[in-house]
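Please look over the chain below with its surface charge, its backbone geometry and its aromatic contacts in mind.

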Amino acid sequence: MAPESPRAGTDHAGTTPPGATAPESGIRCMLMRGGTSKGLYVLAEDLPADPRERDALLLRLMGSPDPRQVDGLGGAHPLTSKVAVVSARPDGGVDYLFLQVAVDEALVTDRQNCGNILAGVGPFAIERGLVPAAEGTTTVRIHMVNTGSEAIATVSTPGGRVTYAGEAEIAGVPGTAAPVVLDHRDTAGSSCGALFPTGHRVDTLAGVEVTCVDNGMPVVVVEAAALGVDGTEDPAALEADAQLCAAVEAVRLEAGRAMGLGDVADATVPKVCLVSPARHGGTFGTRCFIPRRVHEAIGVFAAASAAVAWAVPGTVVAGMPGDHGTEQLRVEHPTGHTDLVVSVDPAGAPDGGPQVLVTGTVRTARKLMDGVAFA
């Protein structure tokens, strides 16, 4: 079983411990697309037990640090340099530890979760025999080690075998695939301990009004107009705006401390999500910094957190035009949209605050390669 990580997470530099060497026989792994991300899926038992030795191995497997990752399996972008470590649980479910492997620095971090890579965990667990396949569909209970929360994945298994072929479409991914239905549990406050970690629905950080929210991912929600953009710009244009990027990072650093995450200068969370009115029939538009590159789409949990800010009165985006009462949300992003089901009771928590009742998504996954990787 994968070792539990502290809720605050850890970042490991890629220094190989004395005497540690890569297994000459290689590491069995599966390369999969999960949602709009791509990464390696590995059984915990096939990796070194020591986290530093494990992370040093993963850096070599992915080819980091190198902006091209030419000597490894990474795709030269944070969205394609990810790892899922999966193991069986005594209760019949599986543990899922997400690791973000930096591209251009020797760093592996477990300080965030990934709802896109999550989409491949159920199929991978069934293929590896951790969960028996049923006829038609198979339910996989997934414990997310990074945050302590849980998701129930429903995977297509006609004839008792995983299928990746289907008619489900998600924006940012060409073609269609079998749907993976994800019902997320206990997402509220999963990283920071509270849905609104600062205790407020609006904070002023680095001179900008923001809403800090954690519904599966620590996110700083900012109205795009507050930073002088309209929220429809291409990711490359936003990344090239040095003044904007400096302002976003200043907000993020202050938010890290305010949200109880400490110094986040070298961390991948919180994310900063710029929200704007929908332009293409959706609920609202987004541009998400992850944290310094701009997502070509949006992470599932980042979208789920932004959706809470949209649904709860008194946040920085609560007065933005659009339907703030809908539970069926279509979150627009640079390459299309992400559909969510998010239900929030504005006063349902024991303290009279908002309570997240449902966070659901439909994603897809595809097996790209199954074999042995060498470091």
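The report below takes up these topics in turn.

## Basis of the report

This is a predicted model, in which local features need pLDDT of at least 70 and side-chain atom pairs count only at pLDDT 80 or more, while totals for chains, interfaces and linings use all residues. Residues are numbered from 1 along each chain as its sequence is written, and side-chain values use heavy atoms, with hydrogens and water left out.

## A negative surface patch

Asp104, Glu105, Asp263 and Asp266 together form a negative surface patch; for such a patch, residues must have over 30% relative accessible area and no salt bridge, and like charges are joined within 9 Å. A salt bridge here is a side-chain nitrogen of Lys or Arg within 4 Å of a carboxyl oxygen of Asp or Glu.

## Cis peptide bonds

Serine 64 and proline 65 are joined by a cis peptide bond with omega about 0°, and proline 65 belongs to the loop between helix 1 (51–62) and strand 4 (82–88). The bond from valine 269 to proline 270 is likewise cis, with omega near 0°; proline 270 lies in the loop between helix 4 (242–258) and strand 13 (271–277).

## Positive phi outside glycine

Aspartate 186, although not a glycine, has a positive phi of about 55°, and it is placed in the loop between strand 9 (179–185) and strand 10 (203–205). With a relative accessible area of 62%, aspartate 186 is exposed.

Alanine 206 also has a positive phi, near 50°, and its place is in the loop between strand 10 and strand 11 (208–214). Alanine 206 counts as partly exposed, because its relative accessibility is 33%.

## Aromatic pairs

Rings of Phe, Tyr and Trp (its six-membered ring) pair if their centres lie within 6.5 Å, and planes under 30 degrees apart count as stacked, over 60 as edge-to-face and the rest as tilted. The count by this rule comes to two aromatic pairs. One of them is the tilted pair of tyrosine 41 and phenylalanine 124, at 5.8 Å centre to centre with 45° between the planes. This pair links distant parts of the chain, with tyrosine 41 in strand 3 (residues 37–43) and phenylalanine 124 in helix 2 (residues 118–127), 83 residues apart. Tyrosine 41 and phenylalanine 124 are both buried.

Conventions: Patch = residues over 30% accessible without salt bridge, like charges linked within 9 Å, V, L, I, M, F, W, Y side chains within 5 Å. Areas by Shrake-Rupley, 256 points an atom, 1.4 Å probe, with all protein chains shown as cover. Lys, Arg positive; Asp, Glu negative; His and termini not counted. Charge placed at Lys NZ, Arg CZ, Asp CG, Glu CD. Helix = DSSP H or I, 4+ residues; strand = E, 2+ residues; numbered from the N terminus. Buried < 20%, exposed > 50% of the residue type's maximum accessible area, 1.4 Å probe, protein only.
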